[in-house]
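Reader: Hi! I'm new to this one, could you walk me through it?

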Amino acid sequence: MTQIVQMQGMNKYFGTLHVLKEIDLTVEAGEVVVIIGASGSGKSTLIRCVNGLEEFESGKLIVDGNELAPKGGNQKALTEIRKEVGMVFQQFNLFPHLTVKKNIMLAPRKVKEAPEPIANATAERLLNRVGIASQADKYPSHLSGGQQQRVAIARALAMEPKLMLFDEPTSALDPEMIGEVLDVMRELAKEGMTMMVVTHEMGFAREVADRVIYIHEGKIVEEGKPADVFDNPQNERTQAFLSRVLAH
């Protein structure tokens, strides 16, 4: 198997706050890795380091063969990584003045330098893929939260990424809209997309993940197959966390 992400001894600080502590983690091509943990544990920071949205201070980070240097070094590698990595955030971050289709066309046009007819065809194909082809000519403000998040996923897919990062993609949604976004993510997993997912949706993690990572205070304290982590956690921190979140 090809390793898409390699982290070795990675450390991240915000000022004097040690946010990520000696992180060792690999992600294989086609693998779905779900990262769980309490708020403030470092989950989002970890995946934001993968595409250079956050700089790390020490250690090693290689994404699709491109090594990012600590403290924002190696801009060439960062440029290559951002061509190969798609990211979906809690907030949809769509351009309000552009239609749904135009939002999606931006990536192939600007990053891949695709001709407009190809970018247009790509947007139409992806809107169909995420189940909202009928919304192509609407503006984001006319869509539900779940529909906007599906547009955001389609926009990330327009990059033809080798890796998709999801940072709590359902946390800003009303409960009835969560399922439609998770369904799209399930389909991506079935199709073999390499994914790193930060989420509080434990049912999704159990069903879709190849591996679950539990982070506590910036450290990976447990990882394994979903059944092992959820049904037989070995670390007392994991046990305490799951007893809280699974009780609700």
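Reader: Which way does α3 pass α5, right-handed or left-handed?
Author: The crossing of α3 past α5 is right-handed. One thing to keep in mind as we go: this is a predicted model.

Reader: Thanks, noted. Which residues make that contact?
Author: From α3 there are Val100, Asn103, Ile104 and Ala107, and from α5 there are Val151, Ala154 and Arg155. By class, the residues of this α3 and α5 contact are five nonpolar, one polar and one charged.

Reader: And at what angle do the axes of α3 and α5 cross?
Author: At roughly 25°, with the axes coming within 7 Å. Helix α3 covers residues 100-110 and α5 covers residues 145-157. An angle under 35 degrees counts as roughly parallel, so α3 is roughly parallel to α5.

Reader: Nice. What about α3 and α4, how do their axes cross?
Author: Their axes come within 8 Å and cross at roughly 125°, with α4 spanning residues 116-129. That angle makes α3 and α4 oblique to each other. The crossing of α3 and α4 is right-handed.

Reader: Which residues of α3 meet α4?
Author: Val100, Lys101, Lys102, Ile104, Met105, Pro108 and Arg109 do. On the α4 side they meet Glu116, Ala119, Asn120, Ala123, Glu124, Leu126 and Leu127. Sorted by class, the contact of α3 with α4 has eight nonpolar, one polar and five charged residues.

Reader: OK, switching to strands. What's the order in the open sheet of six strands?
Author: The order is β6-β7-β8-β3-β9-β10, and the pairing is mixed. At the edges are β6 (85-88) and β10 (219-224), each pairing on one side only. From one strand to the next, the twist averages 20°.

Reader: How many bridges join β3 to β9?
Author: Four, and the two strands run parallel. Strand β3 is residues 32-36 and β9 is residues 211-216. Val34, for instance, has Val212 in β9 as its bridge partner.

Reader: Which strands does α6 lie across?
Author: Helix α6 (residues 175-190) lies across β3, β7 and β8 (194-198), and runs at about 145° to β8. Helix α2 (residues 75-84) lies across β6 and β7 (163-167), at about 65° to β6.

Reader: Now the open sheet of four strands: what's its order?
Author: That one goes β2-β1-β4-β5, with antiparallel pairing. Its edge strands are β2 and β5, each pairing on one side only. The twist in this sheet averages 20° from one strand to the next. Helix α2 packs on it too, touching β4 and β5, and its direction makes about 120° with that of β5.

Reader: How many bridges join β1 to β2?
Author: Eight, with β1 and β2 (residues 17-28) running antiparallel. Phe14 stands opposite Leu17 in β2. The hairpin of β1 and β2 has two residues between the strands, and Gly15 there takes a positive phi near 65°.

Reader: What about β4 and β5, how many bridges join them?
Author: Three bridges join β4 to β5 (residues 66-68), and the strands run antiparallel. Ile62 has Glu67 in β5 as its bridge partner. In the hairpin of β4 and β5, which has two residues between the strands, Asp64 takes a positive phi near 50°.

Reader: Last topic: how many salt bridges does the structure hold?
Author: It holds 15 salt bridges. One example is between the side chains of Lys12 and Glu54, at 3.7 Å, N to O.

Reader: Where do Lys12 and Glu54 lie?
Author: Lys12 is in strand β1, while Glu54 is in the loop between α1 (43-50) and β4, so the pair ties together parts that are 42 residues apart in sequence.

Definitions and conventions. Residues are numbered from 1 along each chain as its sequence is written. This is a predicted model: local features need pLDDT of at least 70, side-chain atom pairs count only at pLDDT 80 or more; totals for chains, interfaces and linings use all residues. Side-chain values use heavy atoms; hydrogens and water are left out. Axes are lines fitted to C-alpha atoms, for helices over the stretch in contact, and angles run from 0 to 180 degrees between N-to-C directions. Angles under 35 degrees count as roughly parallel, over 145 as roughly antiparallel, 65 to 115 as roughly perpendicular and the rest as oblique. A crossing is left-handed if the near helix is turned anticlockwise from the far one by less than a right angle, and right-handed if clockwise. Contact means heavy atoms within 4.5 Å. Ala, Val, Leu, Ile, Met, Phe, Trp, Tyr, Cys and Pro count as nonpolar, Asp, Glu, Lys and Arg as charged, and the others, Gly among them, as polar. Two strands pair if DSSP finds at least two bridges between them. A salt bridge is a side-chain nitrogen of Lys or Arg within 4 Å of a carboxyl oxygen of Asp or Glu.
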